[in-house]
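Here's a quick tour of some helix packing and a chain contact. Have a look at the model first, then read on.

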Amino acid sequence: MTATTMARAERRAPSRPGSAEPWAGTLDLLRLYLRLDRIRILVWTVSIGLLVAGSVASMKQIYTTPESLQARAALMANPSAVMMTGPAFGLDNYTFGAMVANELSLYLLLATAIMSILLVVRHTRADEEAGRLEILRALPVGRFAPATAAALTVMLANLLVGAALALGLVGTEMETASSLAMGAGAAVTGLVFGAVAVVTAQLTEHSRAATGMALATLGAAFGVRAVGDVIDNQGSWLSWFSPLAWAQQTRLYVDLRWWPLALSLITVVVLLVVAVALSQRRDLGAGLRKGKPGPAEATGSLLSPAGLARRLLNGAFLGWMLGTFVLAVACGSMANSLEDAMMEIPTLGEWIAMDLDDLTSSFGASMLSFLAIAMVAFAVSAVLRLRTEEEAGRVEALLVTGSSRVGLLSGWLGCVALQTLVMAVVTGFGLGLGMWAATGDVVWVGRITASALAYLPATYFIAAVAVALYGLLPRWATVSWVLVIWVAFVLFLGTLLDLPSWAMDLSPMAHTPLVPSVDVEATPLLTMSGLAVLLGFVGFLTYRRRDIVPG
Amino acid sequence: MASLAIETHNLTKSYGTTRALDGLSLRVETGQVAGFLGPNGAGKSTTIRILLGMLRADSGTARVLGLDPWSDAVAIHRRIAYVAGDTNLWPNLTGGEVIDLLIRTRGGEPRSRRRAELLERFELDPTKRVRTYSKGNRQKVALVAALAYDAELFLLDEPTSGLDPLMEAVFTEEVRALRQQGRTVLLSSHILAEVEKLCDTVTIIRAGKDVESGTLSQLRHLTRSTVTASLRNPAVVSSAPGVHDFTVENGHVRFDVDNAEIGSVLRLLTDAGVENLTVAPPSLEELFLRHYGDEVREEVTTR
């Protein structure tokens with residue numbers, strides 16, 4: 001029986017008074033959600049499938065000898081590598097499969113987790129906040145039908161992405177069972193974070209906050225497993241508290257075991273039960289955390305474009321800053337395991353030719369380059385928030401009150417620039433604090449904090465690309481995220497995939513010297529700052545001339 | 001007595017410390033067009049959401065088409081159509097797609113003659129994406145989807161917000177046609193002229209409580225008519241019982257009179273030598289202002 005005839009049959013069934021029919025209409029809603037998401041799901045599926053197949057194929061070209069693999073295995077002794085990839089299995093006899101699993105799987109898990117969070121919030125809290133859920137619920141649609149249809153949509157999306165991932169691996173002649181396990185692991189990890197988002201959607205009235213809380217949970221899961229895996233590079237007791245670790249603990253291509261995935265499935269069920277329980281305790285449209293009344297009158301600081309920007313961005317800014325600070329402290333505190341790594345692998349010192357101080361310095365530098373991604377992501381999202389405001393018609397409302405366009409844009413961007421600066425300082429300070437705690441050497445606090453500032457030109461440059469796009473092609477402003485994703489891709493996978501240098505150079509971050517482990521080079525920093533100013537200028541010029549386009 | 005399509009008794013509902021409904025009772029007979037009148041924030045939408053089973057009342061009872069709106073929500077929804085005052089739709093779908101979606105999920109037939117007829121009457125282009133629609137056009141999408149469905153009961157929550165006067169006229173005709181077919185309509189509004197034009201009965205709600213309810217003529221009976229006349233001897237009338245706000249200007253008098261006293265006042269007017277006379281029936285607006293006027297005064301005095 002097709003979905004259509006089932007839906008028809010369901011409708012024709014006589015309504016029995018007293019039976020609540022909580023799932024009536026689920027199929028109709030599922031069809032609607034798939035209609036709305038078909039492009040999104042297709043893009044995720046195809047891009048993840050191609051990314052995996054392409055990455056594995058190109059790695060096969062690079063790592064052709066056991067020696068090259070073993071060199072890669074030696075890198076996994078470095079805590080910063082473990083932190084940013086995952087537990088390292090099979091290092092003694094490093095196979096190609098083990099390398100793929102150790103170094104690639106984390107990013108695939110993050111991808112499905114982010115996809116699931118975005119899809120879930122889109123069909124739960126975002127619909128509820130916009131009043132679309134009310135329109136659906138006034139139809140003959142059961143109480144649980146919208147949430148169930150959203151869950152089914154996310155399941156289907158994860159199933160497709162997981163299948164594409166497994167197909168990409170099998171297609172590049174990887175071992176079948178482990179390839180399937182990696183696909184399954186990515187899919188169930190996606191479901192775990194989708195379920196987290198179902199819970200956060202119950203807590204708050206706003207979709208932005210629901211997404212933020214779910215992403216923060218993902219960040220925490222990342223931090224927990226990062227620290228846990230550094231404690232023991234095959235995963236310590238701490239790692240097991242992170243849902244990201246479960247899929248990684250399947251020991252793909254080394255000693256495959258399926259049972260850690262059961263933990264993910266159990267977690268999904270538990271989270272969904274919690275979400276249902278929470279949803280029973282709130283009204284449609286409301287969150288469990290009741291919104292408090294705010295001030296009736298605006299304070300003076302709110303009454304300027306910069307003040308308004310500060311107010312609107314404050315929540316996101318504090319969230320990003322706190323999250324990054326905690327992650328930075330946690331990362332920094334792992335610096336003491338460097339000494340152990342040196343002890344364990346005495347050849348490491350000879351091989352890379354550096355002493356412990358150099359090693360700590362390079363550890364700090366590489367951690368900083370990873371953490372800088374958060375600064376970039378914050379800056380771009382804060383610039384693009386202006387586009388959201390415009391789409392909602394709120395920019396119009398400000399402009400007609402007498403704010404000039406230049407005033408509005410400069411106030412907003414000034415606020416973003418300042419917040420990004422604060423974030424850089426706080427990130428460097430946090431990392432420095434952690435490293436101080438780990439090494440007992442207070443000098444790292446100052447050194448790392450100062451080093452963090454070196455990432456500002458690149459960050460401002462990327463944000464300025466968003467500004468220029470916002471001015472030139474407002475409808476395409478979100479495309480700026482492509483650059484952010486590229487920056488992250490180059491940073492995380494660039495060397496592993498041995499990307500050509502021109503491709504790496506497309507990332508502005510690649511031009512930032514790896515301070516404090518190398519000396520500061522002024523030229524690239526000044527060039528990027530100059531380009532940032534130029535792009536910002538383009539943004540201003542075009543913003544002054546273009547139409548304001550809501551919707 | 002005719003059966004009741006909607007019956008609520010002493011509904012209460014609080015959001016935190018805000019009391020949205022405070023003992024609301026509402027009765028709508030089958031086949032009637034009932035007006036539900038009140039200013040912003042009086043609790044109209046909260047009531048309708050309870051009737052739709054989206055909110056659960058804190059206390060009190062509600063029946064819709066003889067069923068319980070919370071536990072029989074789906075069964076009720078198969079027999080009703082709902083239009084919200086602020087219609088938000090999926091920006092990426094076209095108007096036509098949304099209409100079909102809403103009709104089909106209710107169990108109706110999407111490609112009906114009725115749908116085409118309504119699209120034409122409301123002058124709606126169904127091929128445009130929802131994101132390009134103005135508020136009025138989004139409202140039309142919801143109205144077409146609701147009116148194209150063969151519902152027993154229509155719950156319309158400020159349905160004409162954003163519509164231009166021409167489209168309001170189309171809407172008025174459509175609601176009149178629904179009444180002819182014996183459908184029941186609950187029309188919530190703060191536009192008095194609309195309610196006056198369309199509704200058989202009116203319930204006025206204020207601060208979450210029904211303060212007045214009945215047919216328009218019953219309600220008018222409770223209020224005053226406005227009389228203007230030329231009198232040879234105005235003094236006779238000025239102190240008569242039931243006469244209020246008496247003014248004289250060049251022999252023209254103008255005053256309000258309680259409808260209960262209108263007969264006796266007319267006799268007095270004859271005695272006073274009336275030369276020309278107009279008696280304007282009380283508008284709903286006056287009725288409304290009398291109820292809400294108090295509130296305004298109370299607010300002023302408590303400040």
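In helix H19 (residues 443-452) of chain A, the buried residues are Trp444(A), Val445(A), Ile448(A), Ser451(A) and Ala452(A). Buried here means 20 or more other C-beta atoms, placed from the backbone, within 10 Å of the residue's own. Their arc around the axis, taken from the directions from the helix axis to the C-beta atoms, is only 140 degrees, so they sit on the same side of H19(A). The buried residues pack against helix H16 (356-391) and helix H18 (405-439) of chain A.

Helices are DSSP runs (H or I, at least four residues), numbered from the N terminus. This is a predicted model, where local features need pLDDT of at least 70 and side-chain atom pairs pLDDT 80 or more, while totals for chains, interfaces and linings use all residues. Residues count from 1 along each chain as its sequence is written, and chains are lettered from A and ligands numbered from 1 in the order written.

## H20 beside H23

Helix H20 (residues 456-472) of chain A packs on helix H23 (residues 522-545) of chain A at about 20 degrees, with axes 7 Å apart. H20(A) and H23(A) are therefore roughly parallel (angles under 35 degrees). Their contact has 19 nonpolar, five polar and no charged residues; Asp, Glu, Lys and Arg count as charged, Ala, Val, Leu, Ile, Met, Phe, Trp, Tyr, Cys and Pro as nonpolar, and the others, Gly among them, as polar.

Contact (C-beta atoms within 7 Å) links 27 residues of chain A with 26 of chain B. On the chain A side, H7(A) gives the most, with four residues.

Technical notes:
Axes fitted to C-alpha atoms, helices over the stretch in contact; angles between N-to-C directions. Helix = DSSP H or I, 4+ residues; strand = E, 2+ residues; numbered from the N terminus. Parallel < 35°, antiparallel > 145°, perpendicular 65-115°, else oblique. Buried ≥ 20, exposed ≤ 12 C-beta atoms within 10 Å, placed from the backbone. Contact = placed C-beta atoms within 7 Å.
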